[in-house]
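Me: I would like to go through this structure with you, a few residues at a time. Shall we begin?

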Amino acid sequence: MTRIAFIGGGNMARSLIGGLLKTGAPAANLRVAEPMAQARESLGRDFGVATFADNRLAVAEADVLVLAVKPQVMPAIHAELRDTLQRNRPLLISIAAGVRIDQLERWFGNLLPIVRCMPNTPALIGAGATGLCANLRVTPQQREHAQHILDAVGITRWLDDEALMDTVTAISGSGPAYFFAVVEALEDAAVAQGMPRETARILATQTCLGAGRMLVESNEAPATLRQRVTSPNGTTQAALESFSADQLPRVVARAVAAATKRGAELAAALDKE
């Protein structure tokens with residue numbers, strides 16, 4: 001059985017642990033290192049997994065190590081883990097936004113099989129979207145292990161070009177915030193028309209939920225579904241023409257480009273560590 005250790009016991013680690021347990025992974029095979037005593041107690045109580053304050057104890061016998069920490073924390077933990085990882089050579093999975101594989105190799109050793117992935121916050125409810133890429137040391141079986149772990153909280157897609165991971169971050173990693181911003185704008189627009197805020201929020205939220213389900217369950221292109229809703233000279237066409245006049249596609253493209261650029265900048269800043 002695969003033994004999996006997590007460094008960091010925050011929300012994303014909790015979602016992955018919960019997802020793995022639902023897929024049948026034994027709690028005895030999962031370990032978590034977490035510096036906060038209260039968080040350790042909560043993890044042990046909620047999931048029945050072994051918890052540690054010492055990172056080295058957590059990873060000592062791991063086949064897979066999941067780095068579930070903030071990017072800025074990564075350089076600080078490599079000194080205590082590098083020797084153990086070089087000796088045991090587990091599969092290293094990083095979910096830290098913007099941290100490149102070559103940086104992980106520099107910090108933890110270039111002999112390790114490494115998977116870089118970018119999940120998003122809907123993973124917390126089992127509806128995540130994750131992009132993954134791997135270095136050349138990752139075996140087909142290890143790719144399956146990595147995919148199984150992330151599939152436990154949503155859907156996964158592999159990328160051959162790591163440069164596209166910044167785009168993954170911009171689309172699915174940051175994407176939930178764009179979606180929330182659109183719902184917020186719909187709500188505010190309805191309130192401006194005189195609708196009570198609670199009603200506006202419920203209608204906007206349910207509409208977006210329904211539209212999202214139609215996209216997923218129909219397996220049809222968003223353009224096709226959009227066209228079906230749009231009657232000639234109707235209300236939807238009037239709204240879409242307003243979007244077009246305000247250059248919505250360009251607005252979205254610029255936003256994604258800005259997020260992509262920022263992801264690369266954050267990674268570059270870690271090169272100084």
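**Contacts, burial and a surface patch**

Reply: Leaving aside its neighbours within four places in sequence, Asn 120 is in contact with Met 12, Gly 128, Ala 129, Ser 172, Gly 173 and Pro 176. Please bear in mind that this is a predicted model.

Me: Where is Asn 120 placed?

Reply: Asn 120 lies in the loop between β6 (114-118) and β7 (128-134).

Me: And is Asn 120 buried or exposed?

Reply: Asn 120 is buried, as its relative accessible area is 7%, and the cut-off for buried is under 20%.

Me: Which backbone atoms does the side chain of Asn 120 reach?

Reply: There are two to mention. The side chain of Asn 120 comes to 3.0 Å from the backbone nitrogen of Ala 129, and to 3.0 Å from the backbone oxygen of Ser 172.

Me: Let us move to Met 165. Which helix is Met 165 found in?

Reply: Met 165 belongs to helix α7, which covers residues 165-173. Its relative accessible area is 1%, so Met 165 is buried.

Me: What does Met 165 touch?

Reply: Not counting residues up to four places away in sequence, Met 165 touches Arg 116, Cys 117, Met 118, Gly 131, Leu 132, Cys 133 and Leu 159. Arg 116 is 49 residues from Met 165 along the chain, and their C-alpha atoms are separated by 8.6 Å.

Me: What about Gln 142: buried or exposed?

Reply: Gln 142 counts as buried because its relative accessibility is 17%, with the limit set at under 20%. Gln 142 sits in helix α6 (residues 140-151). Beyond its neighbours within four places in sequence, Gln 142 is in contact with Leu 91, Pro 113 and Arg 137.

Me: Now the surface. Which residues form the nonpolar patch?

Reply: The patch consists of Phe 243, Leu 248, Val 251 and Val 252, and together they have about 320 Å² of accessible area. Helix α12 (residues 248-270) gives the most to this patch, with three residues.

Me: How does Leu 248 count in terms of accessibility?

Reply: Leu 248, in helix α12, counts as partly exposed because its relative accessibility is 35%, between the 20% and 50% limits.

Me: Last topic: what does UniProt list for residues 3-98?

Reply: An unreviewed UniProt entry lists residues 3-98 as "domain: Pyrroline-5-carboxylate reductase catalytic N-terminal". In the model, the chain over residues 3-98 is 45% helix and 20% strand, and the end C-alpha atoms are 26 Å apart.

Methods:
Residues are numbered from 1 along each chain as its sequence is written. This is a predicted model: local features need pLDDT of at least 70, side-chain atom pairs count only at pLDDT 80 or more; totals for chains, interfaces and linings use all residues. Side-chain values use heavy atoms; hydrogens and water are left out. Helices (H or I, at least four residues) and strands (E, at least two) are DSSP runs, numbered from the N terminus. Buried means under 20% relative accessible area, exposed over 50%, partly exposed in between (1.4 Å probe, protein chains only). A polar contact is a pair of N or O atoms within 3.5 Å; within protein, one must be able to donate a hydrogen and the other to accept it, and residues adjacent in sequence count only if both atoms are side-chain atoms. Contact means heavy atoms within 4.5 Å. UniProt positions are given in the numbering used here, feature names are shortened, and annotations may be inferred rather than shown by experiment. Patches are made of residues with over 30% relative accessible area and no salt bridge: like charges are joined within 9 Å, nonpolar side chains (Val, Leu, Ile, Met, Phe, Trp, Tyr) within 5 Å. Accessible areas come from the Shrake-Rupley method with a 1.4 Å probe; for residues, only the protein chains shown count as cover. A salt bridge is a side-chain nitrogen of Lys or Arg within 4 Å of a carboxyl oxygen of Asp or Glu.
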